[in-house]
Amino acid sequence: MASTSSLALSQALLARAISLHGSDQRISLPSSFSRASASSRRRNAASMTKLRSIRPLVRAAAVETLETSTDSSIIDKSVNSIRFLAIDAVEKAKSGHPGLPMGCAPMAHILYDEVMRYNPKNPYWFNRDRFVLSAGHGCMLLYALLHLAGYDSVLEEDLKSFRQWGSKTPGHPENFETPGIEVTTGPLGQGIANAVGLALAEKHLAARFNKPDAEVVDHYTYVILGDGCQMEGISNEAASLAGHWGLGKLIAFYDDNHISIDGDTEIAFTENVDQRFEALGWHVIWVKNGNTGYDEIRAAIKEAKTVTDKPTLIKVTTTIGYGSPNKANSYSVHGAALGEKEVEATRNNLGWPYEPFQVPEEVKSHWSRHTPEGKALESDWNATFAAYEKKYPEEAAELKSIITGELPAGWEKALPTYTPESPGDATRNLSQQCLNAIAKVVPGFLGGSADLASSNMTLLKASGDFQKATPEERNLRFGVREHGMGAICNGIALHSPGLIPYCATFFVFTDYMRGAMRISALSEAGVIYVMTHDSIGLGEDGPTHQPIEHIASFRAMPNTLMFRPADGNETAGAYKIAVTKRKTPSILALSRQKLPQLPGTSIEGVAKGGYTISDDSTGNKPDVILIGTGSELEIAAQAAEVIRKEGKTVRVVSFVCWELFDEQTDEYKESVLPSGVSARVSIEAASTFGWGKIVGGKGKSIGINSFGASAPAPLLYKEFGITVEAVVDAAKSFF
């Protein structure tokens with residue numbers, strides 16, 4: 001039973017929420033509030049009377065009890081089991097965030113125990129409902145749910161090793177560590193954007209593959225986000241697109257507890273979230289009592305499912321740290337263990353006589369049904385798909401490719417190839433040829449640009465636009481929302497192994513989406529980032545648009561492939577790798593300016609990361625090695641011809657992807673960059689940072705270590721010294 005102090009806090013929080021958002025309905029307090037002191041009720045009476053007269057901005061959910069035969073005492077024990085598993089794990093670790101699990105336990109219980117369809121013994125069943133905890137710091141909520149539901153990935157010993165080295169229960173949810181976790185969350189706002197990507201994937205696949213007599217794609221995406229997620233701009237970008245696209249199977253629960261790390265959100269966050277989401281095209285419902293209002297939560301979910309043309313935001317007013325007598329509704333319960341005394345006080349307050357990590361037998365029994373039910377759900381779907389496969393074999397083959405991630409045999413043969421006699425072109429245009437070739441043979445390939453499709457050259461010519469009324473199409477229009485775009489693509493990539501999303505903008509604007517790109521790398525989401533206008537070669541737009549440090553920064557990012565192709569063959573080679581690397585994101589830095597098709601480049605060479613395109617030396621002992629990437633590989637090749645005329649032997653190396661070169665054997669590396677040759681010159685129209693490990697202590701690096709300028713590209717190359725003459729002079733310094 002909750003204490004008077006805890007209930008008074010809950011009551012005050014509800015009163016404050018109503019004062020912010022208004023209500024012309026009678027205030028329906030949870031029955032347990034009647035146990036609060038008479039003086040507490042009198043203190044709030046006057047304000048409540050006044051608040052009842054305020055016209056609502058968003059109506060509350062009508063309380064419509066869903067059919068449930070579960071004993072309410074079991075529900076209470078189940079909810080408190082979630083709370084205390086979180087409390088005990090955080091307490092044992094002396095680290096973590098207990099407040100959110102304590103406040104969100106009721107809505108989370110209803111989702112996982114009564115609403116969601118999943119198979120605990122196969123976390124990767126295709127047609128499962130997806131759940132995202134966007135407020136990832138509250139991850140003990142999710143671990144507790146997975147444990148109760150019967151997932152083998154979160155056993156009792158895993159809960160006891162929360163936040164410890166090598167555990168399956170890290171400090172924020174990680175999809176690559178814990179089966180049952182859909183996406184990696186922690187940086188606030190990323191999760192809701194990932195959820196938009198998951199819901200987009202469902203809508204797209206349903207439109208492509210469902211038939212009037214066979215529905216093989218039919219699942220929901222649920223997400224819990226908090227005030228911090230709402231404050232981050234990425235959440236608004238993603239929510240705007242979700243509303244525009246009409247993602248009716250996306251249901252978001254907003255944990256409206258008014259507390260962040262610095263204290264009450266009144267200090268920095270007073271906007272009307274309800275009205276904002278309505279303006280973004282969402283259906284909005286308000287559950288006033290998220291602490292004990294189980295029927296209100298059920299009714300809100302039932303209503304949300306009736307709205308098929310809009311995503312739904314269910315604002316659930318909760319008390320952070322619910323049940324803690326001295327820390328509930330305060331920032332002190334947000335990000336620190338309660339402490340031994342407060343844990344004991346909370347146990348007494350909520351009437352919880354069980355030992356740490358102990359789940360009552362009746363709760364275990366109640367949740368145990370999810371294993372056979374999940375197995376039956378998957379079995380039924382398998383039968384449905386088997387019938388579908390017999391009737392629609394071509395569609396089934398495509399969908400199976402998307403579900404399994406198995407690429408069609410020989411798909412890479414569709415990639416274009418080039419000879420030195422082929423017309424020169426900007427690599428962004430050559431990229432478009434590759435994108436369209438891949439789309440014809442890889443069924444899960446889709447993507448788009450941040451309002452730059454005609455400049456990034458990313459339109460799939462055989463497809464229309466993915467829109468609310470045409471979700472089967474494969475061109476995604478993200479608008480000017482780079483950060484949201486990247487995170488949405490992460491969600492698409494993590495929905496199914498065979499969904500291969502790409503997204504595009506100018507390379508310099510990766511600054512707007514770096515957070516999502518880092519999560520791509522961390523969460524092993526193989527998004528393909530098509531980044532054009534890769535250097536000062538873009539010309540007159542000037543230094544605001546000219547990337548300098550960007551290539552070096554992505555080379556420093558773990559589990560990321562940073563490609564800078566020099567021509568058509570290298571562009572095709574980069575795409576061949578990017579499509580196959582499903583657990584590693586790839587970035588392609590592509591030119592605006594026209595480049596020639598160089599002799600010696602190859603699709604196969606790109607797979608090595610660095611390879612020789614020309615060499616007139618013998619015995620693996622050239623007089624000098626010239627190394628280039630992208631548009632500067634041509635400069636290195638031209639400089640080699642000048643130096644050779646003076647009787648020196650020169651090897652020209654394309655270093656199209658450092659990360660792939662690092663993966664090669666020592667023998668191969670020695671064959672390209674022999675340790676006995678210290679005369680090395682690199683050239684790249686970008687920061688020279690990092691090139692020291694390639695050219696060595698005696699080598700020379702030509703690049704740009706300042707911001708660019710506004711002028712025609714040829715003049716910029718001359719003024720910044722990115723020239724054949726500069727390479728020749730650097731090489732001659734060794735002779």
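Analyst: **A close look at the annotated sites**

I259 belongs to strand β4; strands (E, at least two residues) and helices (H or I, at least four) are DSSP runs, numbered from the N terminus. The model is predicted, so local features need pLDDT of at least 70 and side-chain atom pairs count only at pLDDT 80 or more, while totals for chains, interfaces and linings use all residues. Residues are numbered from 1 along each chain as its sequence is written, and side-chain values use heavy atoms, with hydrogens and water left out.

I259 counts as buried, with 9% relative accessibility. Here buried means under 20% relative accessible area, exposed means over 50%, and partly exposed lies in between (1.4 Å probe, protein chains only). Setting aside neighbours within four places in sequence, I259 is in contact with D227, D264, T265, I320, N329, S330 and Y331; contact means heavy atoms within 4.5 Å.

UniProt positions are given in the numbering used here, feature names are shortened, and annotations may be inferred rather than shown by experiment.

N257 lies in the loop between β3 (250-256) and β4 (259-260). N257 is buried as well, at 6% relative accessible area. The side chain of N257 makes a polar contact of 3.0 Å with the side chain of D255. A polar contact is a pair of N or O atoms within 3.5 Å; within protein, one must be able to donate a hydrogen and the other to accept it, and residues adjacent in sequence count only if both atoms are side-chain atoms.

The unreviewed UniProt entry also lists H97, H334, R428, S455, H533, D541, H545 and R592 under "binding site". These residues span 496 residues in sequence, and the farthest two C-alpha atoms are 48.3 Å apart, so they do not all gather at one spot. Two of them may be examined in turn. H334 sits in the loop between β7 (312-317) and α12 (340-349) and is buried at 11% relative accessibility. Not counting residues up to four places away in sequence, H334 touches G96, H97, P98, G99, H137, I261 and I320. D541 is found in the loop between β11 (528-532) and α20 (550-555); with a relative accessible area of 47%, D541 is partly exposed.

The wider setting is given by the domains. An automatic or database assignment sets domain 1 at 96-374, domain 2 at 411-590 and domain 3 at 609-733. The C-alpha centres of domain 1 and domain 2 are 31 Å apart, and their contact takes 34 residues from domain 1 and 31 residues from domain 2. Between these two domains, about 2800 Å² is buried, with 66% given by carbon and sulfur atoms; buried area is the accessible area (1.4 Å probe) that two parts lose on being put together, summed over both.
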